[in-house]
Amino acid sequence: MKLSRKKVKSTILIATAILLVAALSAAMLYSVLLPRKFSLYVRMYAAEYSLEEEFVYAVIRAESNFNVSAVSGAGAVGLMQIMPATADFVSAMEANEGYDLFDAEQNIACGCAYIFYLNKRFCDADALLAAYNAGEGRVQNWLAKSDYSDDGETLDFIPFAETRHYVNKVKKFYKCYKILYF
């Protein structure tokens with residue numbers, strides 16, 4: 001059976017329309033699952049601290065799912081789930097008056113400043129994220145142990161399951177943000 005040119009064109013147009021609708025539906029779904037809320041602040045502080053916006057979004061998504069009022073059982077606060085002691089450390093480092101961690105802009109500013117600090121301390125993204133989650137001191141100890149690091153700079157194994165899961169989650173969200181918002 002031979003199809004007419006008109007029939008082939010019509011079939012191609014229908015198939016293209018279906019693919020376009022599917023792609024738009026997927027993009028809309030991902031934008032709900034991976035929002036870019038607080039974009040003004042993320043853009044501003046990511047640029048100030050030489051960070052990728054997608055990385056900051058991935059941390060926020062993993063930490064609080066964009067809940068400004070989030071408080072963890074350990075006492076971490078706000079969008080980027082910052083411990084008050086960490087905010088005090090960043091305040092002293094930045095020579096400012098302190099941060100209101102329930103304020104979206106201030107939380108993002110503090111979180112980005114802290115990531116910038118950790119980025120200078122660790123050459124490995126896994127180590128940086130592990131330090132953000134479990135603490136800089138713990139990660140320094142892990143890097144010093146041959147069970148966890150072959151070279152003292154990169155983490156080969158993260159001994160805390162929660163931290164290991166956190167690092168993988170942020171990296172997954174980061175990849176998704178990079179793909180979705182290329």
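Trainee: By class, how many nonpolar, polar and charged residues does the lining of the second largest pocket have?

Mentor: This is a predicted model, and the totals for linings use all residues. The second largest pocket is lined by 16 residues. By class, its lining has 10 nonpolar, 2 polar and 4 charged residues.

Trainee: Which element gives the largest share of the lining of the second largest pocket?

Mentor: The elements that give two or more residues to this lining are α5 (104–121), α6 and α8. The largest share, 4 residues, comes from α8.

Trainee: Which residues lie nearest the centre of the second largest pocket?

Mentor: This pocket holds about 240 Å³ of space. Of its 16 lining residues, those nearest the centre are Glu52, Phe55, Asn119, Ala125 and Leu128.

Trainee: Turning to the largest pocket, which element gives the most to its lining?

Mentor: At least two lining residues come from each of α3 (53–63), α6 (125–134) and α8 (161–180). With 5 residues, the element that gives the most is α8.

Trainee: Which residues lie nearest the centre of the largest pocket?

Mentor: The largest pocket has 21 lining residues. By class, 11 of them are nonpolar, 6 polar and 4 charged. Nearest the centre lie Glu63, Ala76, Tyr132, Asn133 and Glu162.

Trainee: What volume does the largest pocket have?

Mentor: For the second largest pocket the value was about 240 Å³. For the largest pocket, the volume is about 480 Å³.

Note on methods:
Residues numbered from 1 in each chain as written. Predicted model: local features only at pLDDT ≥ 70, side-chain atom pairs only at ≥ 80, totals over all residues. Heavy atoms only, no water. 1 Å grid on protein atoms, 1.4 Å probe; cavity = no way out; pocket = protein on both sides within 12 Å on 5 of 7 lines; lining within 4 Å. Points joined across faces, edges and corners; volume = space filled by probe spheres on them. Nonpolar A, V, L, I, M, F, W, Y, C, P; charged D, E, K, R; others polar.
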